[in-house]
Amino acid sequence: MNDPDVVIVGAGFAGLYGLYRLRNQGLNVVVLEAGSDVGGTWYWNRYPGARCDVPSLEYSYGFSEELQQEWDWPEVFSAQTDILRYANHVADRFDLRRDIRFNTRVTAVEYQDEENLWRLTSEDGQVLQARFCIMATGCLSVPNQPKLPGGDDFQGEVFHTGLWPKHEVDLTGKRVGIIGTGSSGVQAIPELAKLAEQLYVFQRSPVYTVPANRKPMRSEVQQEFRDNYRTIRALQQKNMGGISAFSPVKSVNKKPNTEAAKAPVNQILQLSEEERREAIETRGVGVLLSFRDVYADLEANEVANELFREGIRSIVKDPLVADRLLPKNYGLGCKRQVLDRDYYETFNRDDVTLINLQETPLQTVTANGIRTEDADIELDVLIYATGFDAMTGALLKANITGREGQPLAEKWRYGPVAYLGLQMNGFPNLFTVTGPGSPSVLCNMLVAIEQHINWIGDCIGYLGDNNVQSIEPTEDAEQEWIEHVNEVAVGTMYTAPTCSSWYLGANIPGKPRIFMPYVGGYPRYRERCEQVVANEYEGFQLA
Ligand code: N01
């Protein structure tokens, strides 16, 4: 087989759209995928309770009018199974599988200086060369497996939420331990509690989580979205997080709002205590996330934090357990917001035990379970819900080397350095999708992905039309962009001194503490990308 024009690594939503878009441009494209099927995140994260925290009508492709008109979403916020079904439908509908090589884990991505080609090698020894390489490897795709003392000694079954097996995991009658209470843990815990005989939750940091919308999709609502998709996709382009927040008017009976609920106040400090409580009563605790000052003002943040804690105390019956669940040393807005279904209620069950690792640290994993400072807890199953080596993990794991054999790991030894999260100096014709320095994980992923792939597709088209052999950013442009990325993150709760999050790389021992995504908002970022193109690829060197 002839070498393709483009190799894409990853057949998640970015890889699928990349293949569709570039193939339609007349390019010969091959996708290499480690899994046995499409879906990326939604292929690997099959743990009980896995679902998306963005409404499905928004977290879906906008590139095909037919696709958005024909696909039915069964719930407002879809479960993993439905999103994976959607990914499979897209692969089949657009005949994408014929260019995807499954079970092909890329272990090296090397630039060949002389030929100006990228050579990709896979675990099973396949070698493929192409002029362009697109890393569509996802932002949360390398599971963080902490090295706990005695971790290898455990004789029971071990799972990671991010690598959940495809076969059914039978937890009936079993004593199950779960480490981690981030988005994955919070989603899994209520479901695991229903399946296991006993559930032990090992919590290092309590979490701020608000109840998720759990409504089934009504066909009238779906139809109203379908009728308005053009507007919705346009609104997404103008929203900070790539979400249209389109409000159906025909298919939804709006209840009359109380004064507090409809007040156009976006500062919590402008409300009296009574008004704050009334707002929570009418709109739920999630209303705390709608006040702007909560994200920018420490006093406002603490007011909201305390109201949030009050909510936990009112749900969890045992005051000691409730106290352990209260986040105390960081504020709302520091970490990725978590959504839940009956998380706090789950701790009222007799068969669920919360272990606060800050009070009673984990000493060792044993053959039979976990030993903390004050107890030996026997387990049949141990589940790690310990997150991911986010944003840079998958790129570094692919062993990318650029011009003159420079490893990406060396270029990024003090943190990721890239221009617009799209390209790196020294790595010509290699593109990253939703890479560090782009809105990425702070944006509706599908919107961010389509924008990146369109930009890359247009760029490759431009190079072809103008007989240009390679593109890469200048070091100056890269540096300037990173400074801007850091500048806009300063003063936000994301970078507050009390904050440790995977956005900052703080969850991985030894990882440089750098705020990786671009917090300046999707529209501003998109406009910058467009301006760069209008100025004939400003900040890039073309050769
Ligand atoms: O990972 P996390 P996640 N010993 O890093 C704990 C997306 N996502 O998989 O906070 C003990 O948030 C760690 O404790 P601490 C979403 O973007 C989305 O849950 O570091 N504990 C924390 O409690 C999300 O933000 C969806 O102190 C250890 C937990 O493990 C991102 O993925 C669903 C530990 C990790 O939380 C990551 O979420 C799922 C150790 N050695 C995921 N190491 C939705 O769409 C780590 N922890 C809803």
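Helix α16 is largely enclosed by the rest of the structure, because 15 of its 21 residues are buried; buried here means under 20% relative accessible area, taken with a 1.4 Å probe and protein chains only. This is a predicted model, in which local features need pLDDT of at least 70 and side-chain atom pairs count only at pLDDT 80 or more, while totals for chains, interfaces and linings use all residues. Residues are numbered from 1 along each chain as its sequence is written, and side-chain values use heavy atoms, with hydrogens and water left out.

Helix α16 runs over residues 445-465 and reaches 30 Å from its first C-alpha to its last, close to the expected 30 Å; that expected span is 1.5 Å times one less than the number of residues. Helices themselves are DSSP runs of H or I with at least four residues, numbered from the N terminus. Just after α16 comes N467, with a positive phi of about 55 degrees.

Then there's the ligand. It has 24 residues around it, and the closest are S183, S184, R204, S205 and W502; to count, a residue needs a heavy atom within 4 Å. Helix α5 (residues 183-195) gives the largest share of this shell, three residues.

Polar contacts (pairs of N or O atoms within 3.5 Å) also turn up here. The side chain of R204 places an N or O atom 2.9 Å from a ligand oxygen, and for K335 a polar side-chain atom sits 3.1 Å from an oxygen atom of the ligand. R51 uses a backbone N or O atom instead, 3.2 Å from a ligand oxygen.

Notes:
Helix = DSSP H or I, 4+ residues; strand = E, 2+ residues; numbered from the N terminus. Buried < 20%, exposed > 50% of the residue type's maximum accessible area, 1.4 Å probe, protein only. Polar contact = N/O pair within 3.5 Å; in protein donor to acceptor, adjacent residues only side chain to side chain.
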